[in-house]
Amino acid sequence: MAVAAYASLVSLSDVLDNVQHPSRRHRLHLDKEQIGGLQQKVQFLQDFLELHSQRISPEMEDLARQLAVVADEADDIIDFHVVNQLCERSQDKTHHMAALSSFRQDIDKIIKEIDSFKEKLTMQVKEERVDFQEQQPIVSLSVGSTALPSSDKNRMVGFDEPLLQVVDELTRDESNLQVLPIVGMGGIGKTTLAQNVFDHPYIVNRFDIRIWFTISQQYSVQEILQKYFFKDKKDKTSSTDQLGVAELGVRLHKLLCGERYLIIMDDVWSIKAWEDFMLYFPNNGNGSRILVTTRLLDVARPLGFDNHYISVKFLDEDKSWELLCEKVFAQKSCPYIKLEEIGRNIARCCRGLPLAIVVIGGLLAKFNNARERWEFVAENVTSFVNSGDDDYCFKILSLSYNSLPIHLKPCFLHMRIFPEGKEIRATKLIKLWIGEGFLKPVGGKSLEEAAKEYLKNLADRNLILIRKWTRTGKIKICSVHDIIRELCIRESEREHLIFVPKAQKIPISILREDHVCFLCGHSSNRQNKIPLQVVVGLQSTTVASPSVCKACNNIYQNLNKLRWVKVFKSVHDESHVTSPLHTKLRYLKVKGYEETKENRKLIILGTISLLWNLRILDLHYIDSTSLSEVWEMPKLRHFNVYNSSFPNPVEGQDSTILENLSTICVRDFCCSKEIVNRLPNLQKLSVQWSFSGDDSLVQLNKLESLRLHITCLKLEDIALLTSLTKLSLYDCDFLWKEMTIIGSSLPNLEVLELYIAFNGREWSPIEGEFLRLKVLVIASPNLEQWGAEDIHFPNLHRLYLQLMRKLTEIPLSIGDINTLQSIHLNYECSWSAVKSAIEILEDQKEKENESLQVYVNGKQVDKEQVFSDYDVFLDSDEEQVSVVSDQVQVLLDSDEEQVFSNSDDEQS
């Protein structure tokens, strides 16, 4: 319940900040001091929940549940007044005073309720204030060298290679005391691996003393050491009470002194746990070791020697099936042919998580090999895993959730919206978190920067799985394990989170419109209409909604309480665009389809300004009319309207500064002083067609990424943007000899993408330019001679060549660039270019450089493969890239995530 309260308070604080924005002064009538006072109180409650979230009593939980409702109602009230005032165009001062009075009265009521909660929560903490350490439950276990912490002596399955790796690292010749961390998500087998290491014959023979300590989230050093030293005594009460932590620590130190020892610290949740024990572990200079298991990368990294740790991976399908057979039949294979196919499917659905396989195996073992019962389990694997054995699996995984700081919990629970097995682009996830209002700016960081830190933190805790990394070490693709997703669903229900669809994705299509959900854009298998309150002027009227899919209907149960507005209508047929939008919306994506080009022209009604909390507006390739209303959206962060121009301000918008707007993707952009001065924090700009303006370009001093297509700009103009780290040029008409303008003028450039952007047969780079360039992409059908050497691109990591039909060779010395990791030849490169890449690879191998990789049409190759298979490589791509223009169009037809997806961020 505290999580729901916290999420509602963060969202409310952001709404209050929006209400007070200077650009709203001419439209809204409110008491700024009163709003500011309310915001301070809301911030106090946020800080309070952050401070006390790990030790909230049932009484405080009940208060937090009520607070969540009040905060959400406050959001509703503010939205009601703001929308009414934005609809009101009257200049009558009487109307203004009445609006101000009504708004002030309602805010007063909110303040009184917030004050009441502030007082009650503070009082509750005072009443419960006791020694926190004494209140904590002690969950600890210690085991000596002759026993394991589990009676399960079954053969370990799926960990043969990690076992040998751990044993090898623990028994190497390094004499100093070293720590080896094992890290992985809950239930992945860290403890099982450690147990098998602990009992391995080589380990038993090598170490004089072996000790097992289970630490857990809450622990007592004294309790753990007492249990170790007095584990063999039947009555240890009196002796236990006489020894304190210091005495027990000294006793352990004396025991270990001079001996070669192995200590396993299982289930460590903090660096402090290590620090509490490390004083008692002497460095005997004889190869003693500490093995630590943890779910947290933030614990593993600093403990390991040179930040080294072992990460436990998921089991593959064969090992999963073997483990399931071991648990069900006590043997490596299934003795019943009728059950094998179903059983393999069950094992596959556990997604390689050993804990899930063990739990489901225990269940299947009770079914007496009844096929129909196995089939039923196969259809409901996730549910059975989290319900079997007294929720054993769920309880273990819940430890990771419970240990999360409260600011991470809403973002984690939000992962429930994605289907099982869904791979999620990090850029999309970050936008959704921003849209949902889960983030708050801290320490001057942007919401995007905060979201990246949140994502990394969840990944470090092994609650989010990283599927693909960028070359620069950022998360590119992630996912959630099916069992963890089930945990998200359960905890969301337990927390009573208030779900409002603040992100809305609408497909504009004349085909089967009634079968598409108007909230998420997914297909709806059945008709489901909800009565909605649609704002028309200062009045509301009830209309039936378009179709709602089953998933959205289950998640969003308060749709009829929101206020909806009609923003779009089609030029050709108004009935084709019927999706209303609610006034709390923060992320709007409208996507068109190629087969409906004649119906993609939209009229954007003035009511779009009623979406006053909008952060992200993405109209994809929809043709739309002018959107001057964006100048009335001071919270807007991303503006993506690929088939329209970025609007000029109109009368009444003269003072608006869009300081939050960081990304613009448009067809035409006028870089005038009037516009540039109002975009002080623009970081990414993509212009599909016309880029015009005066010398104000230099004022875009925070611009990091620029993408231009068929530009009329001169390279001298682009050279003014010295802050650029990425430059992408498409279908331009520059000469190769002009490239020195870019190389000498953009000192921070790291990514350069040239798609048929330069003309000429020869490019001879100049030394001293492109000093920081990491990624170079060249698609140039006419380039024949490339006079490049290693000194011209001293920091290059990856080279991409596409459509290089006439290139005679890639210079051999390119391979001598120390930082070069890979060369990629794609889409109709000449055979001579491919041959020279292989010669580079061969030359580097002779120089003992084994790290360089060469790819042809996405396949990693060596000399033999390329010479024998090159015809196959060419044939495989004939249909994909028949002509140059088709390829460029493929590059252009992409969402904003792909538009600004750095080539240096793509995995090879």
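Reader: Which residue stands opposite R425?
Author: That's I477, in β9. Bear in mind that this is a predicted model: local features need pLDDT of at least 70 and side-chain atom pairs count only at pLDDT 80 or more, while totals for chains, interfaces and linings use all residues. Residues are numbered from 1 along each chain as its sequence is written, and side-chain values use heavy atoms, leaving out hydrogens and water.

Reader: Why are β7 and β8 called edge strands?
Author: β7 (424-425) and β8 (465-469) each pair on one side only. The open sheet has 3 strands, in the order β7-β9-β8.

Reader: Why is the F198 and W212 pair called edge-to-face?
Author: Rings of Phe, Tyr and Trp (its six-membered ring) pair if their centres lie within 6.5 Å; planes under 30 degrees apart are stacked, over 60 edge-to-face, the rest tilted. F198 and W212 have centres 5.6 Å apart and planes at 80°, so edge-to-face it is. F198 sits in helix α7 and W212 in strand β3 (residues 209-214), 14 residues apart.

Reader: What makes F198 buried?
Author: Buried means under 20% relative accessible area, exposed over 50%, partly exposed in between (1.4 Å probe, protein chains only). F198 has 1%, so it's buried, and W212, at 0%, counts as buried too.

Reader: Why is the Y401 and F412 pair called tilted?
Author: Their centres are 5.8 Å apart and their planes at 35°, so the pair is tilted. Y401 lies in α19 (residues 388-402) and F412 in α20 (residues 409-413), so parts 11 residues apart in sequence get tied together.

Reader: Why say that R251 lies over the face of F229?
Author: The rule wants NZ of Lys or CZ of Arg within 6 Å of the ring centre and within 35 degrees of the ring normal. R251 lies over that face at 4.8 Å from the ring centre. R490 does likewise with F394, at 4.4 Å.

Reader: How do you know what the buried residues of α6 line?
Author: L163, V166, V167, E169 and L170 are buried in α6 (160-170). Down the axis they fall within an arc of 165°, so they line one face; the arc is taken from directions from the helix axis to the C-beta atoms. The face turned away carries the exposed residues E161 and L164.

How values were computed
Helix = DSSP H or I, 4+ residues; strand = E, 2+ residues; numbered from the N terminus. Pairing = 2+ DSSP bridges.
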